[in-house]
Amino acid sequence: MEETPFGLDDDTLHEECGVFGILGHPDAATLTALGLHALQHRGQEAAGMVSFDGSQFHSERRMGLVGDHYTDPATLARLPGHMSIGHVRYSTTGETILRNVQPLFAELHDGGIAIAHNGNFTNGLTLRRNLIASGAICQSTSDTEVVLHLIARSKLASSGERFADAIAQVEGGYAMLALTRTKLIAARDPNGVRPLVMGELDGKPIFASETCALDIIGAKFVRDVENGEVVICEIQPDGSITIDARKAQVKRPERICLFEYVYFARPDSVVGGRSVYVARKKMGENLAAEAPVEADVVVPVPDGGTPAALGFAQASGIPFEYGIIRNHYVGRTFIEPTQQIRAFGVKLKHSANRAMIEGKRVVLIDDSIVRGTTSVKIVQMMRDAGASEVHIRVASPMIFHPDFYGIDTPDAENLLANQHPDLESMCRFIGADSLQFLSIDGLYRAVGGRPRDPAKPQFTDHYFTGDYPTRLVDRDATTHNNVRRLALMAGNG
């Protein structure tokens with residue numbers, strides 16, 4: 001992963017994607033746009049929507065932010081109908097080009113279908129290779145397209161049954177929505193790695209990646225879609241909506257991705273019945289107990305470190321202050337990224353609040369450290385602002401392993417934890433006076449209330465432990481390199 005021009009995003013675990021769908025509402029497209037806006041933090045490269053007006057499907061897919069396109073009444077007018085699904089994207093598989101922007105649409109034997117999903121298939125490249133070898137033609141490099149082909153080839157009767165048949169063949173972590181002429185279908189992977197919730201507005205069903213997307217439109221939270229469940233909502237000829245919830249035949253224990261709590265989900269969301277904000281504060285409290293330090297001020301690394309910093313400050317009794325101010329209005333294209341501008345580094349988006357830093361022993365609270373490059377810049381910023389000491393406390397464990405379920409992580413050798421023999425070496429690299437991470441049990445207690453069960457882990461935590469919840473078919477395949485060569489066409493649309 002290349003360092004970005006401003007040195008800000010090279011040391012983060014990039015958002016995966018977010019999905020939203022609604023059935024039977026006259027303002028379907030507008031509500032979908034609002035829902036996607038609430039989910040913008042999950043993917044900021046592209047956004048797309050598909051609606052159906054009773055006779056024809058309509059698609060609008062755009063690069064950039066939801067607000068850049070879907071606040072335009074003319075755009076929403078091109079998405080008529082009472083049913084709609086939408087997607088915000090950060091690419092973890094496939095290039096960032098328009099042909100990969102979801103929802104993907106295909107015309108099948110009994111009508112059109114649009115699909116959007118959050119997550120990754122760990123056997124997606126293998127399935128793609130097999131499909132192409134049998135004559136399939138792929139138009140995108142997104143693994144979502146694999147599902148469309150599997151649905152088209154299924155011999156089962158109804159679209160709902162063919163959808164269920166298709167996803168039974170994929171492995172990995174995903175939350176998926178599909179839209180047909182009469183149905184809104186939702187599915188969640190058998191382990192429940194990625195979150196998906198069901199809501200209701202004016203008696204109409206809604207599905208979304210997070211509860212914050214329900215809140216923005218005033219919808220009622222109904223329940224979480226269960227892991228391994230397929231929910232088929234269908235408009236009947238009389239206008240009523242039936243809901244057929246098909247549970248997993250063999251139910252596995254749910255294992256939600258811990259990074260939903262550490263980093264991805266919005267703080268005001270409830271994931272798996274747990275408040276994300278409360279969990280992050282508890283991470284900070286546990287961190288204060290596990291890694292105390294004598295200091296004058298607790299400073300969050302914005303924005304992810306703020307709830308944990310509040311918890312750390314309250315548990316330790318050290319005052320909380322906004323020692324780093326983030327400029328939210330500077331984007332990647334703010335100015336031509338010449339070498340001179342690159343030298344500004346992190347200051348384009350983060351500035352030290354000298355009045356709270358100068359002459360003080362500072363504890364910096366961050367949610368995670370991936371490669372450590374941003375941490376180096378933040379520590380130097382604190383020293384330049386006059387900090388007498390800089391201590392880093394991280395509200396999650398060290399990251400040793402890459403992800404294959406929708407998080408864009410560096411290769412293992414590029415992770416900070418694998419580049420240094422011990423914590424002291426990592427601390428010297430970053431330039432801090434001390435460095436400590438939250439333990440895996442401390443994280444588990446913050447989220448689930450009890451330590452990790454090594455025999456049956458309660459969450460997906462492979463990036464910390466190496467314990468992957470599924471087979472890694474593509475990674476382990478001997479033909480993996482050949483698979484990756486299948487779809488490398490560059491393009492701009």
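**Reading local features**

Tutor: We may begin with the disulfides: a search of the whole structure finds zero of them, a disulfide being a pair of cysteine sulfur atoms within 2.5 Å. This is a predicted model, in which local features need pLDDT of at least 70 and side-chain atom pairs count only at pLDDT 80 or more, whereas totals for chains, interfaces and linings use all residues. Residues are numbered from 1 along each chain as its sequence is written, and side-chain values use heavy atoms, with hydrogens and water left out.

Student: Is C17 buried or exposed?

Tutor: Buried means under 20% relative accessible area, exposed over 50%, and partly exposed in between (1.4 Å probe, protein chains only). C17 has a relative accessible area of 6%, so C17 is buried. C427 likewise counts as buried because its relative accessibility is 10%.

Student: Which peptide bond has omega near 0°?

Tutor: The bond from Q102 to P103 does, and it is cis. P103 lies in the loop between β4 (83-89) and β5 (104-108); helices (H or I, at least four residues) and strands (E, at least two) are DSSP runs, numbered from the N terminus. A cis peptide bond also joins P302 and D303, with omega about -10°. D303 is placed in the loop between β16 (297-300) and α10 (306-316).

Student: What is the phi of D202?

Tutor: Phi of D202 is near 55°, a positive value in a residue other than glycine. The loop between β9 (197-201) and β10 (204-208) holds D202. D202 counts as exposed because its relative accessibility is 59%.
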